[in-house]
Amino acid sequence: MDSTSRVEQPDPNIVGSEGVVVGGGEGTGTSSASAATEGGQSTTVSAAPPSRYESQKRRDWNTFLQYLRNHKPPLTLARCSGAHVIEFLKYLDQFGKTKVHVTGCPYFGHPNPPAPCACPLKQAWGSLDALIGRLRAAYEENGGKPESNPFGAKAVRIYLREVRESQAKARGIPYEKKKRKRPSTSSSVATAGSAIAAEAGGSGGGSGSGGDGVIGQQPPTAPNTTV
């Protein structure tokens with residue numbers, strides 16, 4: 001068979017730290033361009049290197065495109081659906097580094113198992129969620145329309161939710177989002193009254209304590225769907 005007809009094999013080196021998916025792509029080195037000056041001399045202008053997020057997003061995008069090329073039958077991006085995205089996420093589980101206990105394991109639901117077991121390693125929910133966020137952004141940056149974005153499909157969101165819930169039970173680690181703290185009505189009224197008193201009478205009134213308005217830190221998960 002002619003060498004040009006060989007199917008390109010997927011690159012197995014697509015997993016970074018703690019299940020973060022990476023792929024083959026360009027490096028993160030700086031790029032430079034030469035510009036001619038009036039005297040005929042050239043000067044080199046160095047562009048700022050891409051951020052870590054942008055580099056990761058580019059590698060993830062290249063990995064997904066390679067997956068489509070290696071798919072049997074090969075898939076085009078235009079025909080990719082939410083079902084194909086879920087298939088891609090399941091494919092990535094073989095490169096995962098997170099132990100997910102099965103129902104029959106004695107350490108099921110144990111956050112710190114005292115001994116090793118034969119349960120499979122998978123991609124952590126947080127890694128999949130962040131990956132989908134990057135791919136969703138990359139799809140639109142590469143000309144895709146938001147309304148046809150397969151990474152934002154309802155089926156993908158449902159799948160990620162199921163992965164989150166199943167891994168929370170298996171690992172004994174609940175995934176809970178912190179809720180935004182809202183100032184109470186009484187505190188807001190007291191704060192407004194204090195401001196009016198200070199403006200009208202100088203230093204006479206005492207100041208009421210309003211709500212802290214602090215928004216709890218969200219999990220490092222993406223956008224979006226949140227794999």
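Is the crossing of H2 and H4 left-handed or right-handed? The crossing is right-handed, where right-handed means the near helix is turned clockwise from the far one by less than a right angle, and left-handed means anticlockwise. One thing to keep in mind: this is a predicted model, with local features needing pLDDT of at least 70, side-chain atom pairs counting only at pLDDT 80 or more, and totals for chains, interfaces and linings using all residues. Residues are numbered from 1 along each chain as its sequence is written, and side-chain values use heavy atoms, leaving out hydrogens and water.

**View 1. H2 packs against H4.** Helix H2 (residues 82-92) and helix H4 (residues 154-171) sit with axes 8 Å apart, at an angle of about 30 degrees. That makes H2 roughly parallel to H4 (angles under 35 degrees). Helices here are DSSP runs of H or I, at least four residues, numbered from the N terminus; axes are lines fitted to C-alpha atoms over the stretch in contact, and angles run from 0 to 180 degrees between N-to-C directions.

**View 2. The residues where H2 meets H4.** On the H2 side, Gly82, Val85, Ile86, Leu89 and Lys90 touch Ala155, Val156, Tyr159 and Leu160 of H4 (contact: heavy atoms within 4.5 Å). That's seven nonpolar, one polar and one charged, with Gly counted as polar, Tyr as nonpolar and Lys as charged.

**View 3. The buried residues of H2.** These are Gly82, His84, Val85, Ile86, Phe88, Leu89 and Leu92 (buried: under 20% relative accessible area, 1.4 Å probe, protein chains only). Their cover includes H1 (52-70), H3 (125-141) and H4.

Technical notes
Helix = DSSP H or I, 4+ residues; strand = E, 2+ residues; numbered from the N terminus. Parallel < 35°, antiparallel > 145°, perpendicular 65-115°, else oblique. Buried < 20%, exposed > 50% of the residue type's maximum accessible area, 1.4 Å probe, protein only.
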